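Please examine the sequence and the model below.

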Amino acid sequence: MALFEIRNLTFTYPEAKTPALQEVNVAIEQGEFIVICGKSGCGKTTLLRHFKTALTPYGTRSGEIRFLGDALEQVSVRTQASEIGYVLQSPDNQIVTDKVWHEMAFGLENLGYDQQTIRLRVAEMASFFGIQNWFAKNVEELSGGQKQLLNLASVMAMQPKVLVLDEPTSQLDPIAASEFLATIRKINLELGTTVIIIEHRLEEVFPMADKVLVLEEGRQILYDEPRQVGKALAGNDLFLAMPSPVQIYDGTGQVGTCPLTVCEGRNWLKAHFEKEQSGFCETENEKSTKGKDEVVIEAKEVWFRYEKEMPDVVKDLSLQVKKGELFCMLGGNGTGKSTTLSLIRNSKTLSRENPAERKGYSQAKGKRIVSWFDRGASAEPAKSFCGKHSP
Ligand SMILES: Nc1ncnc2c1ncn2[C@@H]1O[C@H](COP(=O)(O)OP(=O)(O)OP(=O)(O)O)[C@@H](O)[C@H]1O
Ligand SMILES: [Mg+2]
């Protein structure tokens, strides 16, 4: 029996001219990993909210939604609360208590479990998610990634049959997002929990999926295994969001079985194109920046802190940006990306001549010099970037 069965679901928001969902037909089996994708506004969240009556939007609806064979509206609120776990986009919106341990116990307390069961479940989940080290912390001390993991652990403590997630990584940095998705995969594989997830990081979730549902303007255009969806989406705008191996597969004529991961892609290239290999070709970026060696921004051994007594935010940073280059800065939450950008932006005012305009401090940390060169369009001479504490 399917865990969820949606038959001919059509839904229209009040006063909307067109339905947000039209004739959606989906069967989700227990233990499956389902990815929902589509352009912004195509109805993904609207559909996801139909998986729990407490979250179902107000409007006109036809068709039916069955949970383990029963009409969802007939399934008690208590059963839905414990068996259908929901993780929202923003980690802060879901947290209701101030302590990590209390947050994990909160759902179970509401369901009326006894103390012994609550303690056991919370301990199990803390260990499964590696939360032991910050178990006693205040929730406000956690990073975005930790908060989202806490939401997940709190939901999983109720041992739901299905986990429903609406873009859970959209506010996490790339590393935290990757770790979070790996944890979702672990839950699916090790605990057998069904997963229904809306996610824009298709590169990562596509290979995890048993099935991918693609929506377009409220209609379901595909519901199939990821390899079939990858093949069928060629030519659609959404194809640009497909993982790189799928795009390469299509770009080379869809020979053999569609690869989903880098590893599969490598093996696939070896099997089908080894003889044709003739060294590396230039990327578009390499072509466009070729011969343009003019350095427009250069930073050398830059240190920066906002207050004298606070820790360094930028530590010994050196970089060079050449004219015409697309320069990308990556890093986890709070690693100093925005500070570095604002240092670059304000570098003309951050000079030795006018240190009064500086908001923060830079320190040499025993280094020879802290310098910041800006050789922008004005072609001014290089300026040094030194604060009160420079040598
Ligand atoms: N509360 C609401 N009232 C009226 N219309 C709504 C409401 N919520 C969403 N819509 C409309 O329903 C359609 C589908 O929206 P939905 O939020 O489900 O899309 P989505 O695929 O989740 O988009 P995104 O990728 O931006 O999150 C859109 O046209 C949207 O404007
Ligand atoms: Mg949405």
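Helix axes are here lines fitted to C-alpha atoms over the stretch in contact, and angles between them run from 0 to 180 degrees between N-to-C directions. In this predicted model, the axes of helix 4 (residues 100-110) and helix 6 (residues 144-156) cross at roughly 35° and come within 7 Å of each other. The crossing of helix 4 with helix 6 is right-handed. From helix 4, the residues V100, E103, M104, F106 and G107 meet L150, A153, S154 and V155 of helix 6. By class, this contact comprises six nonpolar, two polar and one charged residues.

Beyond its neighbours within four places in sequence, I34 is in contact with I28, V195, I196, A209, D210, K211 and L213.

Around ligand 1 lie Y13, A16, A20, G38, S40, G41, C42, G43, K44, T45, T46 and P57. This shell divides into five nonpolar, six polar and one charged residues.

Two backbone positions deserve attention. Most residues other than glycine have a negative phi. N8, in strand 1 (residues 4-12), has a positive phi of about 45° although it is not a glycine. N8 counts as exposed because it has 11 C-beta neighbours inside 10 Å, the limit being 12 or fewer. E15, in the loop between strand 1 and strand 2 (21-28), likewise has a positive phi, of about 65°. E15 has 6 other C-beta atoms within 10 Å and is therefore exposed.

Methods. Residues are numbered from 1 along each chain as its sequence is written. Chains are lettered from A and ligands numbered from 1 in the order in which they are written. This is a predicted model: local features need pLDDT of at least 70, side-chain atom pairs count only at pLDDT 80 or more; totals for chains, interfaces and linings use all residues. A residue is near a molecule or strand if its C-beta atom, placed from the backbone, lies within 6 Å of it. Ala, Val, Leu, Ile, Met, Phe, Trp, Tyr, Cys and Pro count as nonpolar, Asp, Glu, Lys and Arg as charged, and the others, Gly among them, as polar. Two residues are in contact if their C-beta atoms, placed from the backbone, lie within 7 Å. Helices (H or I, at least four residues) and strands (E, at least two) are DSSP runs, numbered from the N terminus. A crossing is left-handed if the near helix is turned anticlockwise from the far one by less than a right angle, and right-handed if clockwise. A residue is buried if 20 or more other C-beta atoms lie within 10 Å of its own, exposed if 12 or fewer, and partly exposed in between; C-beta atoms are placed from the backbone.
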